[in-house]
Amino acid sequence: MIQLIILIILVWALQCVFTLFQLKYFNREYINLRKKGFVLIGKQRSRISRGCVILLLITRDGEILDGKVMNGYTVFTRFKTLASVKNRNIMENWEDEKIDSVIKKALYNAQSNYIKELEMLNTQNIPA
């Protein structure tokens, strides 16, 4: 019984360490895109099925200049280029696109974040 508890604690500790590495990787990718301009983050979280995080480099008008997606089940997942959204507008309807449903949900989350950002800028009278 003690051995099982020790094994569970070790697995949990490894999960924590790998999660820290993934966060560091995410921050590095975000900073690299942020140096180029305005970055939107969209996410689709799930405890059981795979999750998804997208980083979109956009203009203030919503045109997507670059996109990266990280989706999968484990902490070993890495960002990949999301070419299908380049030179498109974030406010487009993504329903008819042949994009994975998890990525679509993350895109809609990014749309929502974009709308909130515009509303915040408008209430502060900051030009977009």
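1. Pocket lining by element. This is a predicted model. Helix α1 makes the greatest contribution to the lining of the largest pocket, giving five residues. The space in this pocket comes to about 810 Å³. The lining consists of 24 residues, and those closest to the pocket centre are Q22, R45, S46, G51 and V53. Two or more lining residues come from each of α1 (2-34), β1 (38-44), β2 (51-58) and β3 (64-72).

2. Pocket lining by class. Sorted by residue type, the lining of the largest pocket holds 11 polar, nine nonpolar and four charged residues.

3. Q22. This residue sits in helix α1 and is among the residues closest to the centre of the largest pocket. Is Q22 buried or exposed? Its relative accessible area is 17%, which is below the 20% limit, so Q22 counts as buried. Leaving aside residues up to four places away in sequence, Q22 is in contact with M70, T74, V75 and T77.

4. Sheet order. Four strands make up an open sheet in the order β1-β2-β3-β4, and the pairing is antiparallel. The edge strands, β1 and β4, each pair on one side only. As background, the strands of a sheet pair through backbone hydrogen bonds, in either a parallel or an antiparallel sense.

5. β1 and β2. Seven bridges join these two strands in the antiparallel sense. They form a hairpin, with six residues between the strands. One of the facing pairs is G42 and I54, the latter in β2.

6. β2 and β3. This antiparallel pairing runs over eight bridges. Here too the strands form a hairpin, with five residues between them, and G62 in the turn has a positive phi of about 95°.

7. β3 and β4. The partner of β3 here is strand β4 (residues 80-81), and the two pair in the antiparallel sense over two bridges. Within this pairing, K68 is opposite T81 in β4.

8. Why is β2 largely enclosed by the rest of the structure? Six of its eight residues are buried, so β2 is described in that way. Helix α2 (residues 101-123) lies across β1, β2 and β3, and runs at about 135° to β1.

Note on methods: Residues are numbered from 1 along each chain as its sequence is written. This is a predicted model: local features need pLDDT of at least 70, side-chain atom pairs count only at pLDDT 80 or more; totals for chains, interfaces and linings use all residues. Side-chain values use heavy atoms; hydrogens and water are left out. On a 1 Å grid over the protein atoms alone, a cavity is a set of points where a 1.4 Å probe fits but cannot get out, and a pocket is an open set with protein on both sides within 12 Å along at least five of seven lines; lining residues have an atom within 4 Å of a point. Grid points are joined across faces, edges and corners, and a volume is the space filled by probe spheres set on the points. Ala, Val, Leu, Ile, Met, Phe, Trp, Tyr, Cys and Pro count as nonpolar, Asp, Glu, Lys and Arg as charged, and the others, Gly among them, as polar. Two strands pair if DSSP finds at least two bridges between them. Buried means under 20% relative accessible area, exposed over 50%, partly exposed in between (1.4 Å probe, protein chains only). Contact means heavy atoms within 4.5 Å. Axes are lines fitted to C-alpha atoms, for helices over the stretch in contact, and angles run from 0 to 180 degrees between N-to-C directions.
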